[in-house]
Amino acid sequence: MDFLMSGLAACGACLFTNPLEVVKTRMQLQGELQAPGTYQRHYRNVFHAFITIGKVDGPAALQKGLAPALLYQFLMNGIRLGTYGLAEAGGYLHTAEGSLSQPRSAATGALAGVMGAYLGSPIYMVKTHLQAQAASEIAVGHQYKHQIFPPQSWKVALVAAMVSGIAVVLAMTPFDVVSTRLYNQPTDARGKGLMYRGMLDALLQTARTEGIFGMYKGIGASYFRLGPHTILSLFFWDRLRTLYCTYAK
């Protein structure tokens with residue numbers, strides 16, 4: 001569960017931070033092995049880079065490499081945080097007296113980090129190649145011509161649906177938990193709930209008593225239930241729309 005929770009949490013954050021990763025990649029490749037003042041600066045600062053990429057490459061370019069970025073975050077953070085969580089739950093980080101051992105904690109964190117980085121490195125390379133791709137007038141660094149999927153491929157819709165499934169589960173699981181508990185709570189003779197006054201009260205009580213992770217109980221089951229549903233719904237919708245456009249001409 002630690003692997004799944006930490007991986008999904010990292011994917012949720014990645015949806016918002018990936019544009020910054022694109023900007024960072026471009027700025028780090030700008031002027032590679034060239035003396036200052038001898039090359040054209042396409043990106044003067046972070047804000048200028050955002051505007052330039054959006055204007056020249058299009059707004060969608062700010063999410064380039066999102067698929068490998070999500071996979072990298074899920075794999076790296078799932079292994080890194082999940083391994084540390086398992087070690088902590090197993091009592092390996094504590095001494096015989098029950099106190100936290102700083103050397104063991106540092107060694108476990110370092111080992112988990114190395115494992116995550118090693119296994120995620122090939123995916124990070126692909127992500128970097130995709131994020132560096134740009135129009136010729138603002139291109140920096142070597143330009144790889146990777147194309148993960150051909151245009152109009154069904155795989156594009158499949159990947160997009162998988163990503164959206166993660167976003168839906170992260171956004172909806174707290175409300176799903178609350179609705180389950182509201183439906184399942186005991187009631188008095190008039191049918192009034194005895195544990196929660198309503199949705200907001202259920203959210204607040206759960207957060208105060210069980211913490212933020214209590215709001216995400218069953219998230220694994222939610223994804224494996226909602227994920228395929230979202231994926232198949234969007235996939236079939238895309239296929240049907242393509243068939244309609246093909247035969248309606």
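Arg197 is exposed, at 76% relative accessibility (exposed means over 50% relative accessible area, buried under 20% and partly exposed in between, with a 1.4 Å probe and protein chains only). The structure is a predicted model, in which local features need pLDDT of at least 70 and side-chain atom pairs count only at pLDDT 80 or more, while totals for chains, interfaces and linings use all residues. Residues are numbered from 1 along each chain as its sequence is written, and side-chain values use heavy atoms, with hydrogens and water left out.

The side chain of Arg197 meets that of Asp201 in a salt bridge at 3.5 Å, N to O (a salt bridge is a side-chain nitrogen of Lys or Arg within 4 Å of a carboxyl oxygen of Asp or Glu). Another pairs Lys24 with Glu21 at 3.4 Å, and both residues lie in helix 1, 3 residues apart, about one turn of the helix. Glu21, Lys24 and Lys127 are linked in a network of salt bridges.

The protein contains 7 helices and 0 strands (DSSP runs numbered from the N terminus, with H or I of at least four residues for helices and E of at least two for strands). Helix 6 (residues 199-210) spans 16 Å from its first C-alpha to its last, close to the 16 Å expected at 1.5 Å a residue, the expected span being 1.5 Å times one less than the number of residues. Within helix 6, Asp201, Ala202, Leu203 and Thr206 are buried. Gly211 follows helix 6 with a positive phi, near 80 degrees.

The largest nonpolar core comprises 12 residues, among them Leu8, Cys11, Leu70, Ile166 and Tyr223 (a core is a set of buried Ala, Val, Leu, Ile, Met, Phe, Trp, Tyr and Cys residues joined through side-chain atoms within 4.5 Å). Helices 1, 3, 5 and 7 each give two or more residues to this core, and helix 1 gives the most, with 4. A second, separate core of 10 residues includes Val23, Ala134, Ile138 and Val140.

The mean pLDDT is 83, and 89% of the residues score at least 70 (pLDDT is the predictor's confidence in each residue, from 0 to 100).
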